[in-house]
Each structure stands twice: as structure tokens, then as C-alpha cells.
Amino acid sequence: MAHLGSGALILALILAIYGIGASLLGARRRIPELLLSGYRATYAVAFLVAVALIALVVSFLRHDFRLAYVAGRSSRDMPLHYVIAAFYGGQEGSLLYWTLVASGLGALALYLHRRSDRALLPYMNATLLSVLTFLLLVLTVVSSPFRLLPVTPPDGAGLNPLLRDPGMMAHPPFLLSGYASFTVPFAFGMAALITGRLGSDWLRAIRRWTLLAWALLGLGLLIGAWWAYHVLGWGGYWGWDPVENLALLPWLTSTAFLHSVIVQERRGMLKVWNLALLLATFALSIFGTFIVRSGMLSSVHAFAVSRIGHWFLTFLALVLIVGIGLLVYRLPGLQSERQIESVTSREAGFLFNNLLFTAMAFAVFWGTTFPLFSELFWETRISVGPPFYNRVVGPLLLVLLLLMAIGPLLAWRRTDVRLLLRNVRWPATAGIGVGLVGLVLFSRPWAAIAYAVTVFAVGVTLQEFWRGTLARRRNARENVLVAAWELLRRNNRRYGGYLVHLAMLLMAVGIIASNAFQLERQFVLRPGEQGTIGPYTVVYRGLEDRRTADAEIVAAQVDIYRGQRYAGTVESFRFFYRNYEDQPTARMGITLVGMDDVYVVLDRWEDDGTASLRVYVNPLVIWIWIGGVVFVLGTVTLFWPQPVPALARVPQSVAGATSEA
Amino acid sequence: MSSAVVTRTSARGLRVDVRLFGIAVVIAAAVGYLMYTGLQGTAASYFVTVSELQAKAASVDGRRVRVGGDVVAGSIVRGGPGEPIRFRISDGTNELEVVYAGVLPDIFAEGRHVIVEGLYRTGQPIQADSVLTQCPSRFESVPTTATS
């Protein structure tokens, strides 16, 4: 299996290099056979990478501990699903997975666009294969998952305990495939720049691919937050850890891109900006993949420091030099077709949205890399913690929410301000009402303001849905439910986008509450004793020892009462995995009471059963996960095939605009 | 479209551009301000080794520091449940006393490389509010050939 795997990778590398040559030469000399052979090379690369990955998974299933990678990450007593998941539990395997996603989606894109975007394809293919060549080079030369051990151990070390969690089954695959999928839009963008075909064809080609990458990355981030919340035991879901931040960066820039690309489609503006965002998104994906493995930043995700850091840095520099170079070279062809006519226009709204997103990305990037830069310039490493990010990103998010509320009501070109005011009448009243009540009730004024803005935005978004539905019901004579369904189905880009907005607002509700009103207490209790936190009473019942195939477990049982009423029992665990006995891994006991999460961490204990428990009450965190579900629904809506694309795409404002131009 | 209309549009366009630019500058300035003040307060901390900390004790006194070092073997005093844990970290030449009251990270142990963060006062142990463990084999453990 090891030979099959490494052989497949070497063959893939050779084919990838051949494919670049074939595509470039074929495009230059106009030889269709050569072009076709270049595309086939990509299909073959994707196939071979898949073969290598299957070989790796089979090695894991057969417990083939001759392979260093298998022996380092799995053991015989691990449950089957973790044995399979272990293949992306380390650097080599996760890079292989990255490569598979990039090559698989790239091949799929070549196939799907084989008729529609002929002129772009050769260069798209060459860019794609260049990226793959780099990855395959790393996988074969520096960091091969198929490296053999000199001596075969009888059993493997097992997967690190922190990774033995259901979160492991979902977070890395989504996050990595999100990163990797940005290769496809990047390749199309490069192709557009190289060919100089900067019209609307390449935009149409990449919107869905960007959307896919963006959705996967977003979902990966969400699942990561969920995982951190359930495993890491500090009562939160987002710690502004460098690695999380770096994964957030391409998501922020691609969110900006997905908004500003609408302006280019409709009004032919912001062309340079969009390409720059696309380039930045891909560069940040590479940066995120690489910095994790370079040991340059300290993080909870301390991966092994390895030599591949330099490779990634070189590749990143190449991507940036070529990308920015091409962008500058094509600047004359990227003139805006129109000017923004009014500050209260939808295009201006999108522009501000982009400014806010990039500002946020910049602040996060700056904070994350600050230790590196401060060391470079002032010879001291200064690192910034969560307070920095909360302080900078918090206000920006608030303004962004406000913009999210007003944006959908802005018209292209120019908005009638009186009409706008009439439209926001009810949502604004609701928002101000909530804000005033909040100012009276809450101890924190910022939470009241944040809720006021959130309610305002929710109000406007729901009002938009309601109006659209009413209009359909009137015009198409459908009942309300059918009208709402058809609205989503036929205008999926618009209303799917609003669904995603709603998802963000739901999350905002949870994020604001859990930041402003979290309670935390440490208790030292003997079995039978109790303590109170907020309206809750926790009764500690005692410790229990258990055993599974691969671990010894200490479980603390805690009864939760709200007032006098029994609300549930939670168990908080410490797992002692074989081979990792010095790393007792916590599993939190979390129970939902009403809208509050009661979150119990077992900290330390004595032989007589006395335990130190840390208890958090996290209000409304459940809203974040509900928002996550709505996010998925919204994204699915965005992908829904358009039944009548021609009709939906001729809005009146554009018809008016084209006559002027 | 007549040329008169076009000129009017572009004159207004210029005014709009100036306004948009103004708003962009305001946003950039606000972000800059937020980032600058963010670095001034307690959000930023000096990243030093134990020796560096003792060398510059005067200049970082009363500031937040982030110190990396290995947990000295035999220095961990866990105390009973609820009491803060005490330990020393070392960079090979100098040692520093740490007091920490929070939940220890999962992989905290003697000899592990940790990064503690908290307020520094000369001559006192660091009252850490965060302890970050890091070990090179975190996600890449070496197989032990002798296990059976």
C-alpha cells in the first residue's frame, strides 16, 4: 500500500508538470489535441491523488504500522471511526486531503465549464496544476505520508486525545476543504488576468465556486467553535487563537468578495478590487495552511514545527508576485464602466460593506501577526489577546450589522431617502424600543445598543421576506406558504442571501448574550454539597471511575436545579487515554436549561471525592448553533438551480442604467 | 444622452467620490484608532523569556507579560481543590515563580513548555490568568516502540 501510495503521488507530480506545459503550449500554438491532453492530465492527477488517499486510509484500516504516519496517529484499540479520521490528524495526511479537494474540484470545474468557458480553461488548468505541482512536490519530497519506519512497532501511539471527539469527524475536513476550494476561483481569476478576458464570463464561472469554498470554510469555522466549546473547557467558543484567526481571514475576504461581485455583475464597477480580494483570499488560505505548520505563532493548535514552512512561504511569495504583477499589468483593462452616483446607493452600500470586512480582516491579521512584526521592528515580541480583538472587531461588527439592516433597502444608483425612512419605520421603532428596555434592564449599555441594532436588522430582513411574499401572493395568486417557497426558489440569490443574514443575526444574539452575561464560579465541593451560581444550584453527587477500550475515565455527577426545580443531571469527565496518561482530557458536562447553557468543568479532585468544579452559565449560546443551521439552509438556497434564469436576471434598474452607458 | 447631462453626472460623480472617500477615511481612521488604543491597554503583553524578563524588570513592571519557559521538575505545588497552583518555569538559566488559579490545560506537566500570561510586579510571582501549554509532539506523537 505504501508503494502504491507514494508511486501514485510521484506519477501525479509528473503528470501535473506535463499538464502545465501541455496547456500553455496548446493555448499558445492553438493545438486542441494538446489542450485536451492537458485537461486529461488534470483528471488523471485527481484520480491518482484519490488512489494515494485511499491507499493511506486502507493502511490505517489494516493497522499497517510500518508507516510512520499510521503508527504515529492510530492504535489497535481505537474505535473504527477515529482510525479512519486519523488520516487527516497530522500534517502529511491533511496536506494530502487538501490536494485531493483542490484537484478533485479543479477537475470537476474543468469538466463542467468545458463548453462554456473555453478561452479561460487552458490557463485555469495551468494555474490549477501549478498549485497542485507545489503540493505534490511537498508531499513527495519533504513530507510524505508514506514514509516507512526502520522498525515496525507492534502497536501505534494512538490519536492525540484532544482529537478523539466527534468534532474531529467534521471540523478538519470542512475547514481544509474550504481552504482548498479557493484554488478553483483563484485559477479562474488568474486565467481571466492572463487572457485579458476580464468581462463577465469569468465572474459567472467563479461565483458558485467561491460560494462553495466560502460555505465550506464557514461551516468548518462553526464546527470548530462548537468543538472548542465542548472540549476545551474555558466556557467559550471562540478564543481569538492565531490559528482560528487565520482561518477566519479568507472567510472575511471572500464574504467581502461575494458582496462586491454583485456590483461588478450589475454595474461593471470594482473590477480591480474584486480580483484583489480573490487573490488575497487564496493567499490567506495558503498562509493559513502554512503558518499552522511553521511554529511561528504560538497557539493551542501547536502542530509540529517542520521544514515545510519555508516551502509554503516561497510558494506564497510566488503567488503574490505573479498575482499582483498580472493585476498591475491588466490595470488598463479593468477600468470601471460607471461611477457611483450617490452615497445612498446600493453600490455605495456594498463598498462600505467591503471596507468594513477588509478593515476587520486587516485588524485580525495585524493582531495575529503582531508578535512577528514587533519582534522585527522593536526587538520585543508583543502579543495581543482577546481584549484587543473584541475592542477592534466588536464596534466594526456593530456597524456591519447596521449596514446589513439598511443595505437591502438601498436602490441601485440612488435611493429616495424619504422612501428609505418610511421603509425602516417599524423595524427602527422595534430596535429603539428594545434598546431602551435594554438600557434600563441590562448592566451593560453596549449590550443594549447591540441588541437594538440586531433587532432592527432582523426587522428589516423579515419585512423584506414578508413584502416579497405578499407581492407574489398578489401577482401569482398563491397562498402565503407557496408564495414564500417560490420566493426562495426563484429569487434564490437574493432571499438565500437574506437567510444567511438572518443566520448571522441569530448568531449575533447568542454572541452578544454570552459575552455580556456569562457567569463563572469555581466551587470546591464534597459529595452531597451544593453551590449556587446565578439562579442555579449545583449539587455535586460524587465521582465515578469507568473504563473503555482505550481510556480510563473519571466522571463527576452534578445535579442542576433552577430555584427549587430539578433541571437535569450532567456528567463532567476527565479521560486518561492509554499512551497519553499525563494528558487528562476534559469532556464538559453541558445541559440546556431554558435558554441557558449550564457548563460544568471537572478541574481537580482528591481521593476522598472532594472535587473542584468550575461552572459557567452561558446564556443563549444555543442561538449560535441555531444560526448555524439557518446558515446551512441559506447556503443551500443560494446553490439552488435557477428554474428561469433569464427572467430573474433582468431587473429594471439595470435596464435603465444600460441605456445611459 | 446629451453631453450636458453627461457633464452634470460627472461633476456630481466627483462630489460623490469625495464623499465616499471621506467616509472611507473615517472608517480607516476609526479602525486605526481602535487598533492603537487596543495596543495601549491591557490587551497587549510583552512576549519574553524568563531571562529577558529579569533583565528588563524595571521597564515591564506593572505591565502584562507573556513568558515562555519549561515547567521545572518537582516545582509543581497543586494544593487542594480550589487553591491556586504554584510552579516555576525556567529557560535553562533563570527561573520564575508562577501562581495560577484557573483550570489547567489538559497537557500541563513537568518539563512541558508553557506560556504564562499575567501582570508582572518585580520580585513577586506572576499572577497568571492564562497558561497555554505547548509541546512539540502535540499533534504529532512519536510512536513508542516498547508498548505492548
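1. Let me start with a handedness: α10(A) and α13(A) cross in a left-handed sense. Please keep in mind, as you read on, that this is a predicted model. Helix α10 covers residues 242–267 of chain A and helix α13 covers residues 346–378 of chain A; the two pack at an angle of about 165°, and their axes are 9 Å apart. That angle makes α10(A) roughly antiparallel to α13(A), since angles over 145 degrees count as roughly antiparallel. Where α10(A) meets α13(A), the contact residues comprise 14 nonpolar, nine polar and two charged.

2. Now for the start of the chain. Helix α1 (residues 2–29) of chain A has an axis that comes within 8 Å of the axis of helix α2 (residues 32–61) of chain A, and the two cross at roughly 165°. It follows from this that α1(A) is roughly antiparallel to α2(A). The crossing of α1(A) and α2(A) is left-handed. Sorted by class, the contact of α1(A) with α2(A) holds 23 nonpolar and eight polar residues, with no charged residues.

3. A few words on α1(A) itself. This helix is built from 28 residues and spans 40 Å from its first C-alpha to its last, which is close to the 40 Å expected at 1.5 Å a residue.

4. Another helix pair is worth a look on your screen. Helix α6 (residues 121–142) of chain A packs against helix α12 (residues 308–329) of chain A at an angle of about 165°, with 11 Å between their axes. As a result, α6(A) runs roughly antiparallel to α12(A). For α6(A) and α12(A) the crossing is right-handed. On the α6(A) side, the contact is made by A:Phe134, A:Val138 and A:Val142, while α12(A) brings A:Ile308, A:Trp311 and A:Phe315. By class, the contact of α6(A) with α12(A) has six nonpolar residues, no polar ones and no charged ones.

5. Finally, the domains. The assignment for chain A lists domain 1 (1–220), domain 2 (413–517 + 625–660) and domain 3 (519–621). Taken over C-alpha atoms, the centres of domain 2 of chain A and domain 3 of chain A are separated by 40 Å. How many residues does each of these two domains give to their contact? Domain 2 of chain A gives five residues and domain 3 of chain A gives four residues. The side of domain 2 of chain A that touches domain 3 of chain A divides into three nonpolar, two polar and no charged residues.

Technical notes. Residues numbered from 1 in each chain as written. Chains lettered and ligands numbered in written order. Predicted model: local features only at pLDDT ≥ 70, side-chain atom pairs only at ≥ 80, totals over all residues. Axes fitted to C-alpha atoms, helices over the stretch in contact; angles between N-to-C directions. Helix = DSSP H or I, 4+ residues; strand = E, 2+ residues; numbered from the N terminus. Parallel < 35°, antiparallel > 145°, perpendicular 65-115°, else oblique. Left-handed = near helix turned anticlockwise from the far one by under 90°. Nonpolar A, V, L, I, M, F, W, Y, C, P; charged D, E, K, R; others polar. Expected span 1.5 Å × (residues − 1). Domains from an automatic or database assignment. Contact = placed C-beta atoms within 7 Å.
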